[in-house]
Number of protein chains: 2
Amino acid sequence: MEQWDLYVIITTKSGKGRSTIELVRQSLIGGATAIQLREKEMLARDLVNIGQKIREMTLKAGAKFIVNDRLDVALAVEADGLHIGQDDLPAKIARKLLGPDKILGVSVGTVAEAKQAVADGADYIGVGIIYNTNSKDNVGNPIGLKGLNDIRKAVSIPIVAIGGINHTNAREVITAGADGVSVISAVLGSDDIASAASQLLDQVKSAKAGL
Amino acid sequence: MEQWDLYVIITTKSGKGRSTIELVRQSLIGGATAIQLREKEMLARDLVNIGQKIREMTLKAGAKFIVNDRLDVALAVEADGLHIGQDDLPAKIARKLLGPDKILGVSVGTVAEAKQAVADGADYIGVGIIYNTNSKDNVGNPIGLKGLNDIRKAVSIPIVAIGGINHTNAREVITAGADGVSVISAVLGSDDIASAASQLLDQVKSAKAGL
């Protein structure tokens, strides 16, 4: 599942003042295989305007485009899919409203949540947080590589690991069973976003190749 | 169009500490013909849980149930429709995603916006603000009865007037061309919500009857 190798979550406030579109552009230049638009404070009108641009950019780059939380915006901009957490729309309802062809991702932190997400129709799960992170609020305690591996053994759909992942630990996350890594600050917090993304992608690819 | 006679917008922060469901219940007891759930800060999961309860309550009461901004939540709880402002999803996209059977309402403040809303597929328009109000932020300047009447002459779909309306001015708003009145604080800010709603509904009905 190369499409999840490097899954960059775009939250503009983590981007050191650069625009949303610039964060996406540099991430794609660096090789991001998936882009998630996660802007909790943004008006729906703005999400649609920006989402339409990201849709074009990701299509050109051959990357997946996923919208966080807002199923309506995901449909409005013809994104590839929706990502929801445990505070968002219930996964079963989201699956029904999305139809069978859109990608549905669900954030989970336990084996029970992972199994429920599969039962509800998730196509992939975001698993974490793996390590401590400053990028997201209210994310719970780190589950570590052991927690990730327990979930890996319990479900067969793709896993994107999240939480404190960077180029120094991406290899062990992949080895523990993740199909890809999801990052915010490791890429968006860098002065050279494209370079940070590229470096991280290299780690994921070489780990997956067993190198 | 009796369904818009008394359109109560539920924002829990305007309800003097009473629960969302209690605000809805008392409004329905007082005769609200439509309920809009407008909670900008609420998580989608909570919107769905509360929305499902409001769906049951409004069906029993024979009132319309409209969700503000979140088309996905409107679909998830099988509301009668969606209300959007100029900062929300574009109306044309919302119409397409809702399908032909759901009600689409659009907030407008000018004749041009009203005509555009009709062209985009709105079933009704929320027109205002009519008078000054403290209930909503960033609502623009009051358009008064003259502004309302100008819009009334320009479009034929139902008009729900909003902004500073209460039992002392509801009659003139109806006379100026509104099909109903939309309120937040005039009902939710009252110690006796059901009584405030009932009193307001009486004014609307008698004005519509030419009494």
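**Fold, interface and helix packing in a predicted model**

The structure is a predicted model, in which local features need pLDDT of at least 70 and side-chain atom pairs count only at pLDDT 80 or more, whereas totals for chains, interfaces and linings use all residues. Residues are numbered from 1 along each chain as its sequence is written, and chains are lettered from A and ligands numbered from 1 in the order in which they are written.

Chain A contains nine helices and eight strands, these being DSSP runs (H or I of at least four residues for helices, E of at least two for strands) numbered from the N terminus. Its C-alpha trace spans about 40 × 40 × 30 Å along the principal axes. The radius of gyration of chain A, taken over C-alpha atoms, is 16 Å, which agrees with the value near 17 Å that a compact globule of 211 residues would have under the rule of 2.2 Å times the number of residues to the power 0.38. Of the contacts in chain A with a separation of 6 or more, 61% are accounted for by residues 24 or more positions apart, a contact being two residues whose C-beta atoms, placed from the backbone, lie within 7 Å.

The contact between the two chains takes 16 residues from chain A and 16 residues from chain B. On the side of chain A that touches chain B, helices H2 (44-61), H3 (71-76) and H4 (91-98) of chain A each supply at least two residues, and H3(A) gives the most, with four residues. By class, this side of chain A divides into 10 nonpolar, no polar and six charged residues, where Ala, Val, Leu, Ile, Met, Phe, Trp, Tyr, Cys and Pro count as nonpolar, Asp, Glu, Lys and Arg as charged, and the others, Gly among them, as polar.

Within chain A, helix H1 (residues 20-29) and helix H9 (residues 193-208) pack at an angle of about 40°, with their axes 7 Å apart; axes are lines fitted to C-alpha atoms, for helices over the stretch in contact, and angles run from 0 to 180 degrees between N-to-C directions. H1(A) and H9(A) are therefore oblique to each other, since angles under 35 degrees count as roughly parallel, over 145 as roughly antiparallel, 65 to 115 as roughly perpendicular and the rest as oblique. The contact is made by A:Leu23, A:Gln26, A:Ser27 and A:Ile29 of H1(A) together with A:Ile193, A:Ala194 and A:Ala197 of H9(A), and comprises five nonpolar, two polar and no charged residues.

Within chain B, the axes of helix H5 (residues 111-120) and H6(B) come within 9 Å and cross at roughly 35°. This contact is formed by B:Val111, B:Ala114 and B:Lys115 of H5(B) and by B:Asp150, B:Ile151 and B:Ala154 of H6(B). Helix H6 (residues 144-154) of chain B also holds B:Lys146, which is exposed, with 9 other C-beta atoms within 10 Å.

In chain A, A:Ile157 lies in the loop between helix H6 (144-154) and strand S7 (159-162), and counts as partly exposed with 15 C-beta neighbours inside 10 Å. Not counting residues up to four places away in sequence, A:Ile157 touches A:Val118, A:Ala122, A:Asp123, A:Tyr124 and A:Ile125.

Conventions: Buried ≥ 20, exposed ≤ 12 C-beta atoms within 10 Å, placed from the backbone.
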